[in-house]
Amino acid sequence: MSVILGIDIGGSGIKGAPVNVSTGQLAGERHRIPTPEGARPDDVVRVVAQLVEHFGLDGPVGVTFPGIVQHGHTLSAANVDKGWIGLDADALFTQATGRDVRLLNDADAAGLAEAKFGAGRGVDGTVLVLTFGTGIGSALVHNGVLVPNTELGHLWLREHHAETWASDRARERDDLNWKQWSKRVSGYLQHLELLFSPDLFIIGGGVSKKAEKWQDHIRLERSRLIPAALQNEAGIVGAALLAAQPAPPAPLVSPALRPARVAGRTEAVPVPVKPSKDKARRKSS
Ligand code: BGC
């Protein structure tokens, strides 16, 4: 049995646990340390090192991050400190912990775990995992293979930035009831359906624990939808799964890593709504 430490960096807590990577089960108690105020890189790196020390487990460590992770660099920070943008975070974690750290996007980790051991287990074809929390995270998995950094929470739907409009935080901010929120989510999912034709949507994040409140209100055209099965543990399990895989070979040519520009505001974005031509025409006739 191979046991690997997985660590999930979240907005309110940084959680770790040893994971049996053959079964996807936790092999010991989870340990959580509150995310330091502001989630600045140095403070977060310190907490991750503390967790590694707490578990004292040998071997590589998988760590999630709530933004784009390309070749070990963190390239966006929609909901965390902007100091992360452009950092070789993998190297920072590796140095601070003395371990071989493998870093990946938080939703990608959840997607890997759900596809292999959770709600997507045994499902062929395209599985789209979406996590609804402070933001919206996405993971696209095709026949078990992840396409990383899809960032589908940053799609624009007419005048709406998806994550600002339909995340769980948006539900709370706009004081929506579950039916009203589900209507927004349905609009978003139907657009994704058109773009990706997923065989299955898996809905994760905090809302997956309250599926009875929203599931029956979601309207889709063609795809199946189920709530995530691993809930709080998906990020930890996915991080450990990645760390269990052999490290990719170093690129022959250094990739040009540039920060990504993503909208990162979860408060309402005031957008001037121009009357559509149709409406304007109707008014003038
Ligand atoms: C970030 C994603 C992340 C998601 C959930 C988004 O704002 O851009 O990278 O997966 O939030 O944390």
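This is a predicted model: local features need pLDDT of at least 70, side-chain atom pairs count only at pLDDT 80 or more; totals for chains, interfaces and linings use all residues.
Reader: What makes β14 a mostly covered strand?

Author: A count of its residues does. β14 spans residues 200–204, and five of its five residues are buried. A residue counts as buried under 20% relative accessible area.

Reader: Why is isoleucine 202 called buried?

Author: Isoleucine 202 sits in strand β14. Its relative accessibility is 0%. The cut-off is under 20%, so isoleucine 202 counts as buried.

Reader: Which residues does isoleucine 202 touch, leaving out those up to four places away in sequence?

Author: The list includes Glu114, Ala119 and Gly120. Val127, Leu128, Val129 and Leu130 are on it as well. Ile226, Pro227 and Ala228 complete it. Contact here means heavy atoms within 4.5 Å.

Reader: What makes β15 a partner of β14?

Author: Again, the bridges. β14 and β15, residues 224–227, share four bridges in the parallel sense. At least two are needed, so this is a pair too. Here isoleucine 203 has proline 227 as its bridge partner.

Reader: Why is histidine 154 called buried? Where does it lie?

Author: Take the place first. Histidine 154 lies in the loop between β11 (145–147) and β12 (156–157). Its relative accessibility is 14%. That falls under the 20% cut-off, so histidine 154 counts as buried.

Reader: What does histidine 154 touch beyond four places in sequence?

Author: Ala78, His161, Glu163, Val262 and Ala263. Val262 is 108 residues away from histidine 154 along the chain. Their C-alpha atoms are separated by 6.8 Å.

Reader: What is tryptophan 165 in contact with, beyond its neighbours within four places?

Author: Leu157, His160, Ala170 and Arg184. Tryptophan 165 lies in helix α4, residues 162–166. From glycine 6, tryptophan 165 is 159 residues away in sequence and 31 Å away in space, C-alpha to C-alpha.

Reader: How many helices and strands does the chain have? How do you know how compact the chain is?

Author: The chain holds nine helices and 15 strands. Its radius of gyration is 19 Å. The globule rule gives 19 Å for 285 residues, so the chain is as compact as a globular protein of that length. Its C-alpha atoms fill a box of roughly 75 × 40 × 40 Å along the principal axes.

Reader: What share of the chain counts as buried?

Author: Of the 285 residues, 48%. The accessible surface comes to about 14,400 Å², and carbon and sulfur atoms hold 50% of that surface.

Reader: What share of the contacts joins residues 24 or more positions apart?

Author: The share is 65%, among contacts with a separation of 6 or more.

Reader: How many charged side chains does the chain have?

Author: There are 32 positive and 30 negative side chains. The centres of the two sets lie 9 Å apart.

Definitions and conventions
Residues are numbered from 1 along each chain as its sequence is written. Side-chain values use heavy atoms; hydrogens and water are left out. Buried means under 20% relative accessible area, exposed over 50%, partly exposed in between (1.4 Å probe, protein chains only). Helices (H or I, at least four residues) and strands (E, at least two) are DSSP runs, numbered from the N terminus. The radius of gyration is taken over C-alpha atoms; the globule rule is 2.2 Å times the number of residues to the power 0.38. Accessible areas come from the Shrake-Rupley method with a 1.4 Å probe; for residues, only the protein chains shown count as cover. Lys and Arg count as positive and Asp and Glu as negative; His and the chain ends are not counted. The place of a charge is taken as NZ of Lys, CZ of Arg, CG of Asp or CD of Glu.
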